[in-house]
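Let's take a walk through the charged side-chain pairs in this protein. Have the sequence and the model side by side as you read.

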Amino acid sequence: MKALAVTAVLLSSLLVRAPASTRTAPYTYQGTVQAVQPKTASFDLVVGVGFALRVVHMRTSPVTKFTRGGARLSLTDLKPGDVVRAECRMTATGLVADQVEKVEPSNSKQEPVR
């Protein structure tokens with residue numbers, strides 16, 4: 001009987017924690033902007049996955065933060081070819097970006113591969 005009581009207490013503690021564990025972790029993508037659709041408040045990002053390239057479509061919301069070097073931007077400031085890092089979450093209707101940071105290219109020049 002004592003073992004049954006201990007088991008019940010342990011199982012109940014797991015059940016209490018279950019809702020917190022069902023939260024989805026945020027997704028972070030870094031890639032090149034392929035297209036910006038201001039009318040639908042969304043953009044497409046080309047990202048590398050292993051040896052393949054993928055196009056990831058994500059929507060924005062009125063609270064999405066756009067930045068570059070700490071300065072505020074907007075969705076219309078993004079242009080095809082810009083490199084961005086986007087933190088987003090999965091919703092029932094797809095990815096929604098919570099924060100988008102425009103990444104500036106480094107000024108260092110790479111040596112050509114021979």
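A salt bridge here is a side-chain nitrogen of Lys or Arg within 4 Å of a carboxyl oxygen of Asp or Glu. Keep in mind that you're looking at a predicted model.

Now find Arg85 and Glu101. They also form a salt bridge, and their closest N and O atoms are 3.1 Å apart. Arg85 sits in strand β5 and Glu101 in strand β6, so this pair links distant parts of the chain, 16 residues apart. As for accessibility, Arg85 comes out at 30%, which is partly exposed, and Glu101 at 31% is partly exposed as well.

Next up is Asp82 with Lys102, whose side chains meet in a salt bridge at 3.5 Å, N to O. Where do the two partners lie? Asp82 is in the loop between β4 (71–73) and β5 (83–91), while Lys102 belongs to strand β6 (residues 94–103), so the pair ties together parts that are 20 residues apart in sequence. Buried or exposed? Asp82 has 14% relative accessibility and therefore counts as buried, because buried means under 20%. Lys102, at 15%, counts as buried too.

Note on methods. Residues are numbered from 1 along each chain as its sequence is written. This is a predicted model: local features need pLDDT of at least 70, side-chain atom pairs count only at pLDDT 80 or more; totals for chains, interfaces and linings use all residues. Side-chain values use heavy atoms; hydrogens and water are left out. Helices (H or I, at least four residues) and strands (E, at least two) are DSSP runs, numbered from the N terminus. Buried means under 20% relative accessible area, exposed over 50%, partly exposed in between (1.4 Å probe, protein chains only).
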